[in-house]
Amino acid sequence: MILRTFGWSFGVTALGLVAAFFYDGPTGLALVAVLAILEVSLSFDNAVVNAKVLDRMSPFWQKIFLTVGIAIAVFGMRLVFPLLIVGVTAKLGPVEAFDLALNDSHRYHELMNDAYPMIAAFGGMFLMMLFLDFVFEERADKWLPWLERPLAQIGKLDQLSVVVAGGSLALVAWLSADDPGNVMIAGVLGMVTYILVNGLGELFAGASGDDDEDGADAAEGAGAPAARSGPSALALATGKAGFFLFLYLEVLDASFSFDGVIGAFAISTDPIVIALGLGIGAMYIRSLTVFLVRKGTLHEYVYLEHGAHWAIGALATCMLISVGHHVPEWITGGLGAGLIIAAFISSVVRNRGQDEAEPGPPSGGGKQLHSSNV
């Protein structure tokens with residue numbers, strides 16, 4: 001199971017480390033290894049959320065996510081995206097931007113830092129909308145009932161997530177941004193992207209569900225609330241629904257990768273080293289996503305999803321703060337990992353409590369009798 005799921009990641013790690021050694025010797029090898037660890041630590045919550053969405057996709061779209069999606073994540077976000085940002089900021093062509101990255105890494109780093117407030121506003125708003133839609137939704141399982149219950153109550157106010165996210169963006173742009181106009185535009189684009197991709201996913205998932213008499217209508221009739229934390233729940237999304245779930249996952253991965261791409265410059269300014277290190281880390285996040293789906297971990301440890309979304313909220317807050325003030329990467333990574341670990345421990349305690357609360361099987365092989373009563 002481990003080799004089948006993480007085999008490609010192990011292979012890419014070996015190739016990436018060998019390439020780093022030939023490119024920059026032992027120093028390059030060490031930097032790539034550190035960057036890979038940084039990416040995994042910053043994006044672990046991404047794997048949990050990805051697994052929740054991937055579990056609703058058909059096998060075809062799961063394969064697309066694990067093939068085409070990897071290419072987009074590794075080459076698009078970790079190599080092409082920084083070059084694109086620098087090119088737009090400095091008004092350079094792609095070739096000139098790449099030449100600048102190789103021959104004047106300090107200037108390249110400065111241009112990336114100049115563009116970071118807009119990047120942080122876009123990614124922060126996308127993640128903030130995802131987090132708010134989750135905590136404002138009524139759910140049967142509550143990890144932090146003292147907090148999640150009142151949030152679900154006030155979440156009955158329609159479009160509250162838009163109001164809260166928009167107010168937060170305006171406050172950050174007013175108090176912290178050196179260029180409030182561009183920060184506001186980038187943040188609004190992040191919100192619009194989330195609403196558009198999420199809405200299209202719900203639209204086509206709903207259209208597919210109309211043909212399934214045992215689908216969403218049956219769940220609604222049973223009193224199950226409609227999920228708003230990401231694209232509409234659909235057992236196996238195919239066709240257009242699967243495409244928009246895939247698109248949603250790619251935008252989500254991009255939003256998570258922003259802080260990793262920028263934070264990588266604290267370790268190395270070489271774009272090749274950064275791409276190799278973050279690319280290896282992105283492979284492990286993909287493999288971990290598949291592992292969580294195949295093992296049914298999110299169904300067994302029900303609070304993991306809650307912890308991941310609270311980690312997303314923490315990351316979104318850190319990104320918005322970083323519009324005007326630097327937030328160390330160990331804080332964002334530590335918060336995310338800490339919340340997920342806490343949620344995992346809470347899930348284990350919950351499962352053990354339920355096992356202890358169940359009556360013991362009567363003598364004479366009562367396990368079958370117990371299951372029949374359930």
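**Entry 1: V74**

V74 is buried, with a relative accessible area of 14%; buried means under 20% relative accessible area, exposed over 50%, and partly exposed in between, with a 1.4 Å probe and protein chains only. Leaving out residues up to four places away in sequence, I noted that V74 touches L79, G279 and A282, a contact being heavy atoms within 4.5 Å. V74 and A282 stand 208 residues apart in sequence, while their C-alpha atoms are 6.5 Å apart in space.

**Entry 2: Conventions**

I noted that residues are numbered from 1 along each chain as its sequence is written, and that side-chain values use heavy atoms, with hydrogens and water left out. As this is a predicted model, local features need pLDDT of at least 70 and side-chain atom pairs count only at pLDDT 80 or more, whereas totals for chains, interfaces and linings use all residues.

**Entry 3: The chain as a whole**

I read the secondary structure of the protein chain as 14 helices and zero strands. Of its 374 residues, 48% count as buried. Among contacts between residues at least 6 apart in sequence, 84% join residues at least 24 apart. The chain exposes about 17,900 Å², of which carbon and sulfur atoms supply 67%; accessible areas come from the Shrake-Rupley method with a 1.4 Å probe, and for residues only the protein chains shown count as cover.

**Entry 4: Confidence**

I then looked up pLDDT, the predictor's confidence in each residue, from 0 to 100. The protein chain averages a pLDDT of 77, and 83% of the residues score at least 70. Confidence is lowest in helix α14 (residues 367-373), at a mean of 38, and highest in helix α6 (residues 160-175), at 92. Over residues 363-374 the pLDDT is below 50, and this stretch has four contacts in the model beyond near neighbours in sequence. Over residues 211-235 the pLDDT stays under 50 as well, yet the model has 41 contacts beyond four places in sequence for them. I keep in mind that where pLDDT is low, the predicted coordinates should not be read in detail.

**Entry 5: α2 against α4**

I returned to helix α2 (residues 59-90), whose axis comes within 9 Å of that of α4, the two crossing at roughly 90°; axes are lines fitted to C-alpha atoms, for helices over the stretch in contact, and angles run from 0 to 180 degrees between N-to-C directions. That makes α2 roughly perpendicular to α4, since angles of 65 to 115 degrees count as roughly perpendicular, under 35 as roughly parallel, over 145 as roughly antiparallel and the rest as oblique. On the α2 side the contact is made by F81, P82, L83, I85, V86, T89 and A90, and on the α4 side by Y108, L111, M112, A115 and I119.

Which residues of helix α5 (residues 145-154) are buried? I found E148, L151 and A152. Seen down the axis of α5, its buried residues fall within an arc of 100°, so they line one face of the helix; the arc is that of the directions from the helix axis to the C-beta atoms. What covers these buried residues includes α4 (105-135) and α12 (304-321).

In the loop between α4 and α5 I found E137, which is buried, with a relative accessible area of 11%. E137 and E148 are 11 residues apart in sequence and 8.9 Å apart in space, C-alpha to C-alpha.

Q159 lies in the loop between α5 and α6, and at 45% relative accessibility I record Q159 as partly exposed. Phi of Q159 is near 60°, a positive value in a residue other than glycine.

**Entry 6: F6 and S287**

F6 counts as buried at 13% relative accessibility, and S287 counts as buried at 6%. Not counting residues up to four places away in sequence, F6 touches Y284, S287, L288 and F291, while S287 touches T5, F6 and S9. I also noted that F6 and V290 are 284 residues apart in sequence and 9.0 Å apart in space, C-alpha to C-alpha.

Methods:
Helices (H or I, at least four residues) and strands (E, at least two) are DSSP runs, numbered from the N terminus.
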